[in-house]
Amino acid sequence: VGSYKIIESTLREGEQFSNSFYTTEMKCKIATMLSDFGVDYIELTSPVSSPQSYEDCKTICKLGLKSKILTHVRCNMEDAKKAVECGVDGVDLVIGTSSFLREYSHGKSMEMIRKTALEVIEYVKSKGVEVRFSSEDSFRSDLVDLLTLYKAVDKAGVNRVGVADTVGGATPRMVYDLIRTLRGEVETHFHDDTGCAVANALTAIEAGATHVDTSVLGIGERNGITPLGALMARMVVTSPEYTKSKYNLKMLKDIEEYVASCVQVNIPFNNPITGFCAFTHKAGIHAKAILANPSTYEIIDPSLFGLTRYVSITSRITGWNAVKSRVQQLGYSLTDDQIKEVTAKIKQMGDIRPLAVDDADSIIHSYNLSLQQATV
Ligand code: HCA
Ligand code: CU
């Protein structure tokens with residue numbers, strides 16, 4: 001696994017998150033941050049959705065960002081015309097191909113889908129704009145239907161085909177099998193209904209997918225899609241050289257905090273990298289090893305993301321090596337035996353109630369004071 005491109009959809013899929021309401025100013029700021037972060041593409045809500053969506057799409061295209069700007073529209077001529085009008089670099093076409101969506105959503109046969117797709121693709125290309133064709137609900141579509149359609153749109157000259165796990169039901173094995181059968185530029189989109197969105201994105205890349213859709217904090221329809229931050233956590237381990245050189249990882253926390261504030265949510269406590277405890281080490285055994293060499297209990301170096309680790313001493317399960325490090329941080333010089341003694345006091349208190357950092361510090365402080373008084 002080497003390179004992979006990100007299609008960042010916080011401003012499209014993310015607008016489908018139940019809490020989302022973006023002002024124009026928010027959209028511009030999110031787009032600018034994502035571009036500075038280094039994502040390859042930024043995908044915007046269809047300009048056909050509403051008059052303001054149309055205006056905002058044009059506004060963002062004029063910002064002159066490094067990332068290419070895409071908009072996401074239904075696969076029909078009117079939508080494609082509106083998209084091109086906005087000045088986007090590329091158009092992402094989508095249409096449902098599963099029998100569920102063909103029967104209960106748009107009512108088109110595979111033959112009708114193919115015919116329209118070819119016309120629309122030809123039109124977008126004739127305007128000198130990139131075009132991607134994606135089959136919504138790919139994993140519940142007939143495989144032969146799907147491959148026949150991809151072949152046809154490929155021949156028509158699409159820049160990428162898209163595979164979408166719209167309902168979040170795919171497993172990594174299913175993803176691997178489908179992506180392996182495809183050649184060329186393949187974009188993938190994974191919903192997280194069954195908690196597989198990051199694993200599926202990784203597997204897709206391993207199987208040869210070239211592009212992955214993400215959103216900040218994973219926001220999207222229902223419980224969302226592959227989160228940008230979690231994908232970075234995964235890929236900085238799987239493909240460290242590419243990931244570190246391509247993306248401005250130190251911006252991740254600011255981007256997540258900004259988007260979280262826009263849509264009025266908190267960053268989840270257990271979020272990869274930015275969750276408040278993502279680099280907190282607690283058990284005595286862990287703390288001892290972490291202090292000797294952080295790689296013992298960390299797969300990711302927090303400093304890559306501009307963050308720091310934290311060794312907790314505020315519990316009954318702490319150990320004297322961790323306490324020793326805190327004692328040194330506080331500027332006291334105690335012998336190992338004394339540190340073991342003060343550790344026992346912290347553990348004793350930790351058996352009674354949860355401790356705050358200040359509680360543990362004041363136990364150390366008063367222990368130190370009692371030693372000084374004893375020597376006077
Ligand atoms: C949706 C559509 C989509 C499209 C993905 C794509 C999906 O909002 O349901 O264009 O590849 O999940 O299928 O987001
Ligand atoms: Cu989606």
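**View 1. Leu217 lies in the loop between strand 8 (211-214) and helix 9 (228-238).**
Helices here are DSSP runs of H or I with at least four residues, strands are runs of E with at least two, and both are numbered from the N terminus. The model is predicted: local features need pLDDT of at least 70, side-chain atom pairs count only at pLDDT 80 or more, and totals for chains, interfaces and linings use all residues. Residues count from 1 along each chain as its sequence is written, while chains are lettered from A and ligands numbered from 1 in written order. Now look at the backbone of Leu217: its phi is positive, about 60 degrees, even though this residue is not a glycine. Is Leu217 buried or exposed? Leu217 counts as buried, because 26 C-beta neighbours sit inside 10 Å. (Buried takes 20 or more other C-beta atoms within 10 Å, exposed 12 or fewer, partly exposed in between, with C-beta atoms placed from the backbone.)

**View 2. Here is Glu256, a residue of helix 11 (residues 252-262).**
Glu256 has 19 C-beta neighbours inside 10 Å, so it counts as partly exposed. Which residues does Glu256 contact once neighbours within four places in sequence are left aside? They are Val216, Leu217, Gly229, Ile267 and Thr274.

**View 3. Gly229, one of the contacts of Glu256, gets its own close-up here.**
Gly229 belongs to helix 9. With 25 C-beta neighbours inside 10 Å, Gly229 counts as buried. Not counting residues up to four places away in sequence, Gly229 touches Leu217, Leu252, Glu256, Asn271, Pro272, Ile273 and Thr274. Notice that Thr274 turns up on the list for Glu256 too. If you want a landmark, find Ser215: it is 14 residues from Gly229 along the chain, with 8.6 Å between the two C-alpha atoms.

**View 4. Ligand 1 sits among 13 surrounding residues.**
Here a residue is near a molecule when its C-beta atom, placed from the backbone, lies within 6 Å of it. Which residues come closest to ligand 1? Val94, Ser134, Glu136, Ala164 and Thr166 do. Strand 4 (90-96), strand 5 (130-136) and strand 6 (160-165) are the elements that each give two or more residues to this shell. Sorted by type, the shell holds two nonpolar, seven polar and four charged residues. (Ala, Val, Leu, Ile, Met, Phe, Trp, Tyr, Cys and Pro count as nonpolar; Asp, Glu, Lys and Arg as charged; the others, Gly among them, as polar.)

**View 5. Asp137 is in the loop that runs between strand 5 and helix 6.**
Asp137 isn't a glycine, yet it has a positive phi of about 60 degrees. Because Asp137 has 20 C-beta neighbours inside 10 Å, it counts as buried.

**View 6. Helix 5 (residues 110-126) packs with helix 6 (residues 143-155).**
The packing angle is about 20 degrees, and the axes are 10 Å apart. (Axes are lines fitted to C-alpha atoms, for helices over the stretch in contact, and angles between N-to-C directions run from 0 to 180 degrees.) Helix 5 brings Met110, Ile113, Arg114, Ala117, Leu118 and Ile121 to the contact, and helix 6 brings Asp145, Leu149, Ala152 and Val153. That gives eight nonpolar, no polar and two charged residues.

**View 7. Helix 7 (residues 172-180) meets helix 8 (residues 197-206).**
Their axes are 9 Å apart, at an angle of about 30 degrees. From helix 7 come Pro172, Val175, Tyr176 and Ile179, and from helix 8 come Ala199, Asn200, Thr203 and Ala204. The contact has six nonpolar, two polar and no charged residues.

**View 8. Thr181 is part of the loop between helix 7 and strand 7 (186-190).**
Thr181 is exposed, because 12 other C-beta atoms lie within 10 Å. Leu147 is 34 residues from Thr181 along the chain, and their C-alpha atoms are separated by 8.6 Å.

**View 9. Zoom out, and the chain shows 15 helices and 10 strands.**
Along the principal axes, its C-alpha atoms fill a box of roughly 95 × 40 × 35 Å. Of the 376 residues, 44% are buried. Among contacts with a separation of 6 or more, 69% join residues 24 or more positions apart.

Definitions and conventions: Contact = placed C-beta atoms within 7 Å.
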